[in-house]
Amino acid sequence: MHCIACRALLCVSLGKRANFNLGTVRVRSTKCLSDLQVKSSYKVNEKSPLTSRRKVCQRVLEHFDAQYAEELGSLWMSVRSVLLNPDCWQHGVMLNRFTDLGDLRMRLQELGYTSLLPQSDQERPSAHTLPPPVSAGSLECVVQERPSTHTLSGGSLECVVHERPSTHTLPPRVSSGSLECVVQRAPVRLPAPRHERGRLKPYFLLNAASLLPVLALAVTEGDRVMDMCSAPGGKALAILQTTRPGLLHCNEVDKHRCDWLSKTLESYVPAPLMETLQLTNQDGRDFGHTHQGMYDKVLVDAPCSNDRSWLFTSSVQQGELWLKERQKLPKLQAQLLCSALAAVRPGGAVVYSTCTLSRAENHAVVEAALATCPGVEPEDLQEELANQLSEHFSFAPPLWPPGLLVVPERLGHTWGPMYLSRLRRRT
């Protein structure tokens, strides 16, 4: 529904300085109004335009019911309720440290937003915090000549800094560092920022669970990093918000999505950082041979079943087609993961992630890679991430191999689905 009270507050308090399209701030449920703490005599429209636009594909829902009731047990019914009600979904806001945010932080706080992770005043960047100056460059796009054999459906985005844990100490406190992401317990969605010539966009909207793979990757300054399935670009942006890598190689196999990725990066990243980026349009399965041992960290946000969008497929025929394609995904995912493990150096880490609940596309893929790739060990993220972020995220019971599965299962905890697992190449 359109919350007129929120719209009025946003128009008055944010204005053009926040680079907003001042049309609407959407509140997806009347239950969230108390969370917003906005007092107004305006009436709220009880009819939600969003629900009326979306129609559930019964064939996909039946398939999910059969599979996830078995895999998740009683948890599936609460997850199912959230997935079928887009009006209750939350939306995170990742702030762009490379542009002048004005008083945007304060205005978001007035709307009820809070930091996803603790951040001290010393960690918070100034309005114009930029990396050390380098010569201006441009994104390089390398297009593969042979046709691609698959299309990637990238995931969402992320936001926080994590220090590398010592093997002799407890995991450090999760810290957002220079990366800022704010969240609302209510299902509020800000309008997407408009493009303004000569000005970088001030924020990026995302499912906050998509930040967890970036946290698990634990990129440090100077690391050579590959984002193997990078479009639409949220996770790449989160890496750059966190630190300055020595190289960030963003790859996307689909040409259309690669163009989308390029535009996203150009909308948020300042010219001095362009020299750090490399953008390619190649099959991720090839990098294990062509770039063997070249990277410190590799992120594989793999093409997957994307449970949120598949439930609202436009037609039964499309739903049937996707379900058939779903059977082929685990093989492709395992090939991408093995390629990443070959492309990372000994001692380096690979994070594998998806936005599906499917065990076949999550734990089973990691298990297959461990059986295929020698010298690789999984790392437990339970204490490092899950225990410290349980205030915001709900996690499914742990399985083997170690991995985290964020499940949307109640109001205020509607983030996900998001699966992630970190593998360390020892030799």
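Start by selecting Glu 379 and Arg 424: they form a salt bridge, with the closest N and O atoms 3.0 Å apart. (A salt bridge here is a side-chain nitrogen of Lys or Arg within 4 Å of a carboxyl oxygen of Asp or Glu.) Glu 379 sits in strand E13 and Arg 424 in strand E15, so the pair ties together parts that are 45 residues apart in sequence. Strands (E, at least two residues) and helices (H or I, at least four) are DSSP runs, numbered from the N terminus. Both Glu 379 and Arg 424 are buried, where buried means under 20% relative accessible area, exposed over 50% and partly exposed in between (1.4 Å probe, protein chains only).

Before you go on, note that this is a predicted model: local features need pLDDT of at least 70, side-chain atom pairs count only at pLDDT 80 or more, and totals for chains, interfaces and linings use all residues. Residues are numbered from 1 along each chain as its sequence is written, and side-chain values use heavy atoms, leaving out hydrogens and water.

Next, pick Arg 426 and Glu 377, whose side chains meet in a salt bridge (3.2 Å, N to O). Arg 426 lies in the segment after strand E15 (418-425) and Glu 377 in strand E13 (residues 376-379), so this pair joins parts 49 residues apart in sequence. Arg 426 is partly exposed at 44% relative accessibility, and Glu 377 is partly exposed too, at 41%.

For another pair, go to Arg 410 and Glu 409, with closest N and O atoms 2.4 Å apart in their salt bridge. Arg 410 is partly exposed at 40%, while Glu 409 counts as buried at 18%. The whole structure has 19 salt bridges.

Over to the helices. Select 234-242 for H8: 9 of its 9 residues are buried, so this helix is largely enclosed by the rest of the structure.

Then select 255-268 for H9. Asp 254 caps its N-terminal end, with a side-chain oxygen 3.2 Å from the backbone nitrogen of His 256. Buried residues of H9 include Arg 257, Leu 261 and Tyr 268.

Finally, colour by pLDDT, the predictor's confidence in each residue, from 0 to 100. The chain averages 81, and 74% of the residues score at least 70. Residues 1-24 stay under 50, and residues 29-52 are below 50 as well. Where pLDDT is low, the predicted coordinates should not be read in detail.

Conventions. A polar contact is a pair of N or O atoms within 3.5 Å; within protein, one must be able to donate a hydrogen and the other to accept it, and residues adjacent in sequence count only if both atoms are side-chain atoms. Contact means heavy atoms within 4.5 Å.
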